[in-house]
Amino acid sequence: MSFTASLLSLSAFSLPPTRTDMMMVTPINDLHGWEPGSMVKGERLMRCKLASTHRLFDLFGWAQIGRTCLTLRVSKEQEHFLVLPDGLAYSEVTGSSLVKVNILGEVVEKGSTNLGVDTEKFSLHSAIYSARPDVRCLFHLHTPATAAVSAMKSGLLPLSHEALLVGDVAYYDYNGVMEDEEDRVELQKSLGPTCKVLVLRNHGIVALGESVEEAFYTIYHIQAACQIQVSALCCAGGEQNLIMLDRTIHKPTPAGTVGWAGSTFGPLHKSRVGEHEFEALMRTLDNLGYRTGYAYRFPVLLERTRTRREVEVPATVTAFHQFDDDGVHPALRQHPFAQRQQQERTRWLNTPNTYQKVSQEQASPGHQRTTWLKTEEVTQAGSTAIKIENPNQFVPLFTNPQEVIETRNKVTLLFPPEPEPPNPFNELTDQELEEYRKEVQRKQDGGTNGTLLSFQHTACLITLIVKYVYP
């Protein structure tokens with residue numbers, strides 16, 4: 001059997017990865033209405049992290065049937081751990097479906113499913129947690145590449161930069177169970193106090209981390225290093241034809257990074273190993289609709305500083321549109337008709353409020369009508385007339401009366417009173433007035449010639465007015 005055929009046969013044990021273009025996904029963070037009484041501080045976020053890691057294993061094609069196991073220490077005081085219930089697929093894991101167990105594998109919090117926990121599978125993790133109190137997360141990977149490397153006598157070779165990034169590697173002859181105390185003591189001796197990678201002979205590789213981010217960062221590079229080693233050995237035909245990297249010369253990137261936030265001279269934010277990479281994967285899952293519930297510590301977008309043109313323009317003018325990158329308002333690029341429509345929409349935003357809402361009395365008692373009037377109209381309508389009882393009513397106190405009279409005379413000279421209009425009856429003679437009285441008397445008598453006399457009277461009156469008023 002060729003090497004490629006053997007890889008294909010090994011890959012048959014892995015679950016098929018879930019497609020990322022599917023229409024619906026089960027949200028990871030389903031803890032909004034689920035409040036267990038035994039939930040400790042920070043457990044909600046830990047559940048979301050571990051469930052998100054199971055989804056990543058499913059998307060990367062690393063999920064194995066009954067072999068891969070991911071656990072997380074929740075509380076060091078009580079020694080409680082989160083594990084996946086037996087029989088649940090990696091694509092189905094949510095925050096509430098994880099089971100909380102103690103160091104012996106006994107169920108403390110069952111979660112939202114009716115599935116149990118495989119205590120034999122958890123026995124290895126229990127032994128590692130007991131030997132290493134500093135470890136909070138364990139990822140046991142059993143992909144074809146990692147299983148192939150764990151079966152090699154040479155172990156993990158320093159063939160790539162990824163192999164150097166994982167650091168020191170410990171090896172242990174694992175027989176499948178950890179029931180005897182001798183096995184636990186031997187595991188503790190093999191693991192040591194600081195090693196973060198444990199190769200189980202013929203059983204894959206375990207990554208240890210102080211956080212979920214660090215453990216995933218380690219297991220990701222272990223998988224890449226194993227794939228490179230398997231491919232290199234297949235192509236080269238043997239270990240003697242490969243070039244090994246010297247760890248003293250080819251030093252990997254130091255663990256832990258220090259990122260600058262804000263500007264160049266902004267405050268320092270120290271990040272844990274693999275935190276930036278894990279946040280990028282969480283953003284990918286959130287964009288796909290997984291709803292990870294992850295609490296991001298490092299924002300992706302830098303806050304853009306305000307330019308001068310945005311400060312000079314009033315807020316009411318930019319209420320509907322923002323400026324382009326070149327500083328031109330979008331309204332200037334529009335059609336003239338669209339510009340007029342935009343100006344009509346913003347006309348009232350840039351005008352002062354000169355109207356006031358008032359209530360006016362109606363003709364029927366007890367009814368009022370609300371209307372809008374200009375401020376000056378409201379002032380005029382609401383003014384009250386003041387009765388003038390004394391010509392000197394508005395004269396200031398302790399004023400000399402002689403000065404008041406002189407000022408009044410000056411005003412009279414500047415603005416003399418208008419002459420009265422002429423009265424046409426004042427220009428008539430006694431004879432003409434007597435004739436006018438007689439005609440009026442005839443009209444009042446109501447004789448047979450009353451209508452004719454009224455016409456004569458009107459004609460006489462018009463003649464007198466034209467003669468004396470409009471000569």
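Leaving aside its neighbours within four places in sequence, Gln-229 is in contact (heavy atoms within 4.5 Å) with Val-149, Met-152, Ser-154, Gly-155, Leu-156, Leu-157 and Leu-159. This residue belongs to helix α7, which covers residues 212-236. Gln-229 counts as buried because its relative accessibility is 0%; buried means under 20% relative accessible area, exposed over 50%, and partly exposed in between, with a 1.4 Å probe and protein chains only.

The model is predicted, so local features need pLDDT of at least 70 and side-chain atom pairs count only at pLDDT 80 or more, while totals for chains, interfaces and linings use all residues. Residues are numbered from 1 along each chain as its sequence is written, and side-chain values use heavy atoms, with hydrogens and water left out.

The chain as a whole has 14 helices and 12 strands; these are DSSP runs numbered from the N terminus, helices being H or I with at least four residues and strands E with at least two. Of its 471 residues, 34% count as buried. Among the contacts in the chain with a separation of 6 or more, 59% join residues 24 or more positions apart. The accessible surface comes to about 30300 Å², and carbon and sulfur atoms contribute 56% of that area; it is computed by the Shrake-Rupley method with a 1.4 Å probe.

An open sheet is formed by eight strands in the order β4-β3-β2-β1-β5-β8-β7-β6, with mixed pairing. Two strands pair if DSSP finds at least two bridges between them. At the edges stand β4 (107-109) and β6 (169-172), each of which pairs on one side only. From one strand to the next, the twist averages 25 degrees. Strands β6 and β7 pair in the parallel sense over four bridges, and Ala-170 has Leu-198 in β7 as its bridge partner.

Helices pack on this sheet. Helix α2 (residues 43-60) touches β1 (69-75), β2 (80-83), β3 (99-101), β4 and β5 (137-141), and its direction makes about 170 degrees with that of β1. Angles run from 0 to 180 degrees between N-to-C directions, and axes are lines fitted to C-alpha atoms, for helices over the stretch in contact. Helix α6 (residues 181-191) lies across β6, β7 and β8, running at about 155 degrees to β6.

How do the helices meet one another? The axes of α3 (residues 119-131) and α6 come within 10 Å and cross at roughly 60 degrees. Helix α3 is therefore oblique to α6: angles under 35 degrees count as roughly parallel, over 145 as roughly antiparallel, 65 to 115 as roughly perpendicular and the rest as oblique. Residues of α3 including Leu-124, Ala-127 and Ile-128 meet Arg-184, Leu-187, Gln-188 and Leu-191 in α6. For α2 and α8, the axes come within 11 Å and cross at roughly 80 degrees. Helix α2 is therefore roughly perpendicular to α8. At this crossing, Lys-49, Ser-52, Thr-53, Leu-56, Leu-59 and Phe-60 in α2 meet Phe-278, Leu-281, Met-282 and Leu-285 in α8.

Two loop residues complete the account. Most residues other than glycine have a negative phi. Asn-202, however, has a positive phi of about 65 degrees and lies in the loop between β7 (197-200) and β8 (205-209). Arg-291 also has a positive phi, near 55 degrees, and lies in the loop between α8 (275-287) and α9 (308-312). Arg-291 counts as exposed because its relative accessibility is 59%.
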